[in-house]
Amino acid sequence: MLGKGSCLLPRNVAQKTTALLRSRKQTRCLATQTSYDVVVVGGGIVGLSTARELIIRHPTLKFAVVEKENELSVHQSGKNSGVVHSGIYYTPGSLKAKLCVEGLDLAYKYCDEKKIPYKKCGKIIVAVENKELPELNKLYQRGLENGVKDLKVLNSKEIKDVEPYCEGLAAIFSPNTGILDWAEVARNYGADFKKAGGDIYTGFEVSDFTCSPESNRSQVKEAGHSHPVTVHGKNVSPLSCRYVVTCGGLYSDRLAEKSGCPKDPRIVPFRGEYLKLKDEKSFLVKGNIYPVPDPNFPFLGVHFTPRIDGSVWLGPNAVLAFAREGYKLTDVNVKDLIDALGYRGLRKLMFQYFTFGVGEYYRGIVKSEQVKQLQRYVPSLKVEDVERGPAGVRAQAMDSDGTLVDDFVFDGGTGDIGSRVLHVRNAPSPGATSSLSIAKMVAEKVEERFHL
Ligand SMILES: Cc1cc2nc3c(=O)[nH]c(=O)nc-3n(C[C@H](O)[C@H](O)[C@H](O)COP(=O)(O)OP(=O)(O)OC[C@H]3O[C@@H](n4cnc5c(N)ncnc54)[C@H](O)[C@@H]3O)c2cc1C
């Protein structure tokens, strides 16, 4: 009896035969796979807006979206503040500044067309200490430079006209900032995509990408197939395609790595925990009330956000999550944690902001401490007026030197698979507001890179 791995043929003949059989098997397998021109990975607001834009531009091509969850938009796109940002904060000339300002107009227009409820309740960014006034002024100038419409500076009395329970020295007022449910917007993008002929696979967790090597391509084409990339999923049949766009949010670095692209920038998950104002106290807040942000951090600081359903959320804070999808303090994923703590960039950042980080955990656990921060803006707020609310986890990209990547990042790679993939690697806030303009930019990059 022959043992495992034994063979009666000479070694070189056996190797050639195995390779031939393997490539025939692969060709047969490819020929039976469902194939697409482009597969978009990630059914969040960015993946769905991108897929929608691509199918609108190329109605004769075949597109699919694959999403690992059984529903669309359950991560960042379904767990956020629900604000339509106006574009004040972002560095002039950055993608964030450009795509947010454009995205706001596109978002309101889309909601009008689809009759998705929104409210332009406005927003004030409030300085409560003299030392914050120069930063407030800088933000106002930035807003003007970024082309944010109808901005105004308010004095103490004017703040009260907009927000009767808020106190401050001065504020920037942005009347066009609004609120809506971004998950509903994302689901509408998905419905548009399906209506235009696109396929959406939920419960499809991409585990790998493979590409038939150049030498096999002619054989692949002979079999009537010009879709060399195979998208593999866990416990599902693979799909074949010509090109891939990944919009993986909290997993964007791991998806990039699977396609042979560099792992950096890495994603570091920052949980944002909200408090909720009790219903009988919602009169305290009319629109969005934000602090002057600390320019050293990419997050905006805890704020008051009315929701489109009438509730009011307070927060979110920013604490390192022990799991990429860790919505509770007790959610720990050992792989994610080892991955994060093993990253030099994160260790550097933790060392640099150690006191702030510990303070954020403390304020997250002790409700009265978080309320103290909020009382700086609405002094009549009491601890008994608030209850614990939900949480979201931000996908924040970070370089190996610990620098938080501020702008949106889109890139691809080289080699067989890398040259057929485009990754959305960093799409943090205002990613939802900018979703339609991000989609246009990604579609342009896809057309340019892949000659669609
Ligand atoms: C707490 C918080 C508050 C925010 N507030 C605002 C705000 O008020 N306004 C605003 O404009 N923006 C806000 N943002 C930012 C905004 O939510 C994000 O920019 C946006 O949702 C990003 O969308 P996305 O599609 O890239 O990511 P996601 O919504 O996270 O979608 C990525 C999808 O990819 C899927 N996926 C990952 N890996 C795989 C795989 N291997 N196979 C298949 N599928 C996979 C995931 O399941 C997920 O559904 C906030 C974000 C957070 C977290």
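Predicted model: local features only at pLDDT ≥ 70, side-chain atom pairs only at ≥ 80, totals over all residues.
Trainee: Let's start with F299; is it buried, partly exposed or exposed?

Mentor: Good place to begin! F299 sits in the loop between strand 13 (288-291) and strand 14 (303-306). Being buried takes 20 or more other C-beta atoms within 10 Å, and exposed means 12 or fewer. F299 has 18 such atoms within 10 Å, so F299 is partly exposed.

Trainee: And how far apart in space are F299 and P316?

Mentor: In sequence, the two are 17 residues apart. From C-alpha to C-alpha, the distance between F299 and P316 is 9.1 Å.

Trainee: Which residues of strand 14 are buried on each side?

Mentor: In a regular strand, side chains alternate between the two faces of the sheet. Strand 14 is covered on both faces. One side has H303 and T305, and the other has F304 and P306.

Trainee: What is the bridge partner of H303 in strand 15?

Mentor: Strand 14 and strand 15 (residues 312-315) run antiparallel and are joined by 4 bridges. Their hairpin has 5 residues between the strands, and G310 takes a positive phi near 100° there. Within strand 15, the partner of H303 is G315.

Trainee: Now the ligand: how many residues of its shell are charged?

Mentor: The ligand is surrounded by 41 residues, with G42, G44, G249, G392 and G431 the closest. Helix 2 (45-57), strand 2 (63-67) and strand 17 (386-398) are the elements that each give two or more residues to this shell. By type, the shell holds 16 nonpolar and 19 polar residues, and the number of charged ones is 6.

Note on methods: Residues numbered from 1 in each chain as written. Near = placed C-beta within 6 Å. Nonpolar A, V, L, I, M, F, W, Y, C, P; charged D, E, K, R; others polar. Pairing = 2+ DSSP bridges.
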